[in-house]
Amino acid sequence: MRNIVDKVCGAIICVLLSLMVIIACWQVFTRFVISNPSTVSEEILRYSLIWLTMIGSAYAYGKKKHLAVVFFVNVLPSKLQKGVHLIVELVVAAFIVIILFLGGWQVVNNAVGQTSASIHLPMQYLYVATIISGVLFAFYCVLNIIDIFKPKQIEETEEAEVA
């Protein structure tokens, strides 16, 4: 299941990034070559960047490529390392629930009835990115907690099979 979600997130990220490059180039072209800047491209770029950031941060967390300070944890005995990793995952879970789910839901509800200036997009579509990111973070958090309790031999066998 992790692989499917990873592939879908990766595809969405690639599409958004490609779209952003094309739109940014269009914006530069219309501004400096035609001298008639596009009125919607800046807003589309801004909203694409928000979605890219929200999905990309969950994807990086799921791939364990996020910023982490593990120097002190790595010098601890194995059982204490598991305990620290579990505490970190529980703190992340609390963040997910409080900020991404509850806060995201409140922001989406507050944005109902508002539209963006140039493209007239309902603003709740922009803010629903926090909830979708929360779902992705929660999915990866559960998988990370399961990984903490996996026996070490299974993890090493799986890594050898993947390589």
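Is Asp 6 buried or exposed? At 7% relative accessibility, Asp 6 counts as buried (buried is under 20% relative accessible area, exposed over 50%, partly exposed in between, with a 1.4 Å probe and protein chains only).

This is a predicted model, so local features need pLDDT of at least 70 and side-chain atom pairs count only at pLDDT 80 or more, while totals for chains, interfaces and linings use all residues. Residues are numbered from 1 along each chain as its sequence is written, and side-chain values use heavy atoms, with hydrogens and water left out.

**View 1. Lys 63 meets Asp 6 in a salt bridge.** Their side chains sit 3.6 Å apart, N to O (a salt bridge puts a side-chain nitrogen of Lys or Arg within 4 Å of a carboxyl oxygen of Asp or Glu). The pair links distant parts of the chain, 57 residues apart: Lys 63 is in the loop between helix 2 and helix 3 (71–74), and Asp 6 is in helix 1 (helices are DSSP runs of H or I, at least four residues, numbered from the N terminus). Lys 63 is partly exposed at 38%.

**View 2. Arg 46 pairs with Glu 42 inside helix 2.** Arg 46 comes out partly exposed at 41%, and so does Glu 42 at 47%.

**View 3. Arg 2, Asp 147 and Lys 150 form a salt-bridge network.** Asp 147 and Lys 150 meet at 3.5 Å, N to O. Asp 147 is buried at 19%, whereas Lys 150 is partly exposed at 24%.

How values were computed
Helices (H or I, at least four residues) and strands (E, at least two) are DSSP runs, numbered from the N terminus.
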